[in-house]
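Here are my notes on this one, point by point. Have it open next to you as you read.

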Amino acid sequence: MALTNEHVQQRLSEKFGAIVSNFEEPYGMLSFEVEKDQNLKVLQFLHDEADLGFQFLTDLCAVNYPDQIGRELAVVYHLHNLKDNLRIRFKVFAPVAQPDVFTATKLYSAANWMERETYDFFGVNFVGHPNLKRILNVDEMDYFPLRKEFPLEDQTRIDKDDQMFGRG
Amino acid sequence: MSRPVRFNITPIEANISDAVSVAEAPDGYAGEGFFTTKLSDVVGLARKNSLWPLPFATSCCGIEFMATMASHYDLARFGAERVGFSPRQCDLLMVMGTISKKMGPVLRQVYLQMAEPRWVISVGACACSGGIFDTYSVLQGIDQVIPVDVYVPGCPPRPEAILDGFMKVQELVGQESIRRRNSDQYKALMNSYGIE
Amino acid sequence: MTEHHQHHIKLPEGSIEKQTTTLNMGPTHPATHGVFQNIMELDGERIVSAEQTVGYIHRAFEKLAERRPLNQVTPITDRLNYCSSPINNIGWHLTCEKLLSVQTPKRVDYLRIIIMELARIADHLICNSIMGVDTGAYTGFMYIMQYRELIYEIYEEVCGSRLTTNIGRIGGFERDFSNTAFTKLEKFLKEYPAALRELENLFTRNRIFMDRTIGAGPISAERALNYGFTGPNLRAAGVDYDVRVHTPYSSYEDFDFKVPVGTTGDSYDRFLVRNGEMWESLSIINQAYQKIQGFKGTDADVYHADVPEYYLPKKEDVYTKMEALIWHFKIVMGEVEMPKGEVYSAVEGGNGELGFYLISDGGRTPFRLHFRRPSFIYYQAYSELVVGGMLSDAIVVMSSLNLIAGELDA
């Protein structure tokens with residue numbers, strides 16, 4: 001019997017109850033929300049259970065929702081069960097004032113750099129990460145560029161005229 | 001490969017009667033067994049036909065450079081047979097690809113390590129002016145950190161364009177005065193970049 | 001991570017010499033691999049530890065995409081894996097089509113497959129011939145680049161540019177493939193197999209090449225999966241995960257092809273897997289070409305789906321019909337509003353699963369676009385692959401992994 005979204009949803013709700021919520025299926029992929037501090041437990045459950053077996057971490061990234069006060073930063077995990085060919089996604093929300101999320105590096109070595117990139121771009125502090133420092137930007141950078149509040153362009157450049165680019 | 005690869009669907013037969021070109025001798029006064037000319041002309045002629053480039057290839061333009069170096073467009077026929085990666089041994093710094101702010105100090109250090117005379121060619125829109133990446137992390141042109149002699153626009157420029165840029169550098173090299181590197185104007189240029 | 005390494009140098013007590021040497025294989029290094037840095041501790045020739053630094057070509061694609069409407073994001077996807085940019089372009093168009101729920105006709109799918117498989121051949125050619133260059137064999141690279149030029153000429157016929165192609169549009173292609181394009185494709189299909197066989201003869205059973213690459217940087221299937229490897233590097237370790245087979249897109253299910261798989265995951269296996277994939281790509285292109293020639297009547301002319309909000313209308317209509325004029329204006333100015341939604345779509349790039357995670361909030365530009373870049377993910381494993389081996393093996397491992405700097409940093 002192939003693994004289906006309903007089966008995954010049912011198992012998660014049985015085990016975790018209110019910790020997992022907001023189940024949706026945009027474009028066929030099961031997508032749900034997990035409480036911030038329980039992300040490792042959910043990841044471990046999805047990894048270890050024989051009938052679930054989501055043992056491949058496809059992607060880990062973050063999204064900045066500046067309008068949702070108290071839940072500005074969302075860390076998104078994409079998991080993949082290679083044997084039964086099912087992908088799921090779940091999000092963990094954290095406030096921008098204290099964006100601490102537990103690291104998934106002990107379970108998936110792939111998460112190491114993905115979490116560093118997320119820290120570099122959004123400032124999500126992954127608790128327990130072996131080497132949480134900037135990876136793509138210069139080390140001296142003091143802000144988190146992909147947050148919506150910061151501009152794309154380098155404001156100190158003198159050769160491009162913002163008026164001409166419609167951004168003056 | 002044993003037979004030539006032609007891909008034009010209506011190929012023109014190549015005219016190889018003048019396939020070997022000889023560099024023209026500079027203007028001078030010739031006599032029985034001697035030839036006099038300006039030192040800078042001779043030195044320029046020798047240098048321009050044997051420039052050793054340092055390919056500083058960072059991104060997509062680097063792949064077009066690989067195509068330029070390969071047999072189809074062949075940079076070697078211009079004398080750039082030996083591409084080196086050691087700055088002390090090279091004359092021409094070819095910066096190909098986007099230079100980010102993280103890479104800027106590295107580029108500057110490589111430029112400083114090159115021995116005079118040295119020339120810089122900036123290949124591709126990103127190296128000339130930042131290209132399509134008007135972002136916080138990309139240096140908007142390498143002339144923010146090092147002086148540039150020739151700019152080759154394009155994204156990426158065709159190999160023919162890179163060769164055209166190379167030929168322009170050859171013109172510059174051939175006509176350069178041997179006193180240029182000690183002149184006040186050059187010193188002022190270096191000082192404007194903070195290079196002693 | 002590693003077992004305690006036995007130092008071969010016995011230094012006298014109180015000696016100020018270090019046991020190990022620090023070597024900076026810095027961002028500028030020979031063989032145009034791209035800019036990434038490795039700081040290695042060496043005990044003689046043996047590597048004791050390696051630490052990678054990336055980000056030397058970080059161009060902020062993800063933030064740039066938040067400024068650009070869907071059509072304008074395609075040129076920046078080109079610059080991810082620039083050796084096979086059509087795959088990135090078409091992967092992005094597939095993501096947009098998933099968001100907009102657009103169904104493309106079969107002929108468009110088959111044309112896309114031809115272009116994607118040509119791109120895959122181009123990417124693997126660079127990787128394999130550069131593996132030769134790094135082990136000292138320059139000839140293979142010189143000879144085979146001529147055939148990459150043939151692939152570039154086919155791209156030029158279709159979209160006008162060689163390397164960063166910006167090929168196709170949402171819904172299909174910008175123009176139908178001309179007869180010249182098909183003639184060039186036929187010539188390529190006729191002449192390339194002999195060249196590939198010659199390249200194989202140079203390397204596959206070459207004693208020196210085999211000695212350099214066998215045993216260099218092996219990885220087990222479990223570690224590879226844990227590190228998130230995909231693509232030829234994972235298949236060399238023994239796991240046959242290929243996005244084209246797993247979640248077929250663009251009608252790949254209509255094609256019959258094998259997926260080459262290795263055993264030990266070392267550099268030689270990676271070379272052979274890429275080589276095998278090039279043969280399979282050739283077979284797919286042949287099948288696709290047969291299928292395209294089988295279309296008759298109006299089916300034989302279709303080259304795009306009907307997506308009025310994103311596909312530029314015909315110029316005759318723009319000059320005569322009001323709606324077409326409005327659509328033309330909105331598309332060019334980028335004022336078309338996307339439906340709200342979140343979609344993750346993946347294609348099999350030259351290096352593995354290239355994923356696009358697109359969140360749209362109903363505006364004209366994406367709210368968030370994240371690229372799941374295979375090179376970035378498997379470069380983490382580099383230190384585990386080379387520690388304990390020798391420095392020359394580290395070079396071979398780096399080139400066999402096919403790290404493309406644009407995809408590392410984005």
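1. Helix α16 (residues 391-400) of chain C is mostly covered, with eight of its 10 residues buried. Buried here means 20 or more other C-beta atoms within 10 Å of the residue's own, against 12 or fewer for exposed and anything in between for partly exposed, with C-beta atoms placed from the backbone. The buried ones are C:Asp393, C:Ala394, C:Ile395, C:Val396, C:Val397, C:Met398, C:Ser399 and C:Ser400. Among what covers them are β3 (46-53), α4, α7 (207-213), α11 and α15 (382-386) of chain C. Just after α16(C), C:Asn402 has a positive phi of about 55°.

2. Some housekeeping: this is a predicted model, where local features need pLDDT of at least 70 and side-chain atom pairs count only at pLDDT 80 or more, while totals for chains, interfaces and linings use all residues. Residues are numbered from 1 along each chain as its sequence is written, and chains are lettered from A and ligands numbered from 1 in the order in which they are written. Helices (H or I, at least four residues) and strands (E, at least two) are DSSP runs, numbered from the N terminus.

3. The axes of α4(C) and α11 (residues 267-293) of chain C come within 9 Å and cross at roughly 155°; axes are lines fitted to C-alpha atoms, for helices over the stretch in contact, and angles run from 0 to 180 degrees between N-to-C directions. That makes the two helices roughly antiparallel (over 145 degrees; under 35 is roughly parallel, 65 to 115 roughly perpendicular, the rest oblique). By class, their contact has 15 nonpolar, four polar and six charged residues. Ala, Val, Leu, Ile, Met, Phe, Trp, Tyr, Cys and Pro count as nonpolar, Asp, Glu, Lys and Arg as charged, and the others, Gly among them, as polar.

4. α4 (residues 106-134) of chain C also meets α3 (residues 85-100) of chain C, with axes within 7 Å and a crossing of roughly 140°. This pair is therefore oblique. On the α3(C) side, C:Ser85, C:Pro86, C:Ile87 and C:Ile90 touch C:Arg112, C:Ile115, C:Met116, C:Ala119 and C:Arg120 of α4(C). Contact means C-beta atoms, placed from the backbone, within 7 Å.

5. Over in chain A, have a look at the open five-stranded sheet, ordered β1-β2-β5-β4-β3 with mixed pairing. Strands pair if DSSP finds at least two bridges between them. β1 (20-24) and β3 (56-64) of chain A are at the edges with a single partner strand each, so one side of each has no neighbour in the sheet. β3(A) runs antiparallel to β4 (residues 73-81) of chain A over eight bridges, and one of these joins A:Ala62 to A:Val75.

Definitions and conventions
Contact = placed C-beta atoms within 7 Å.
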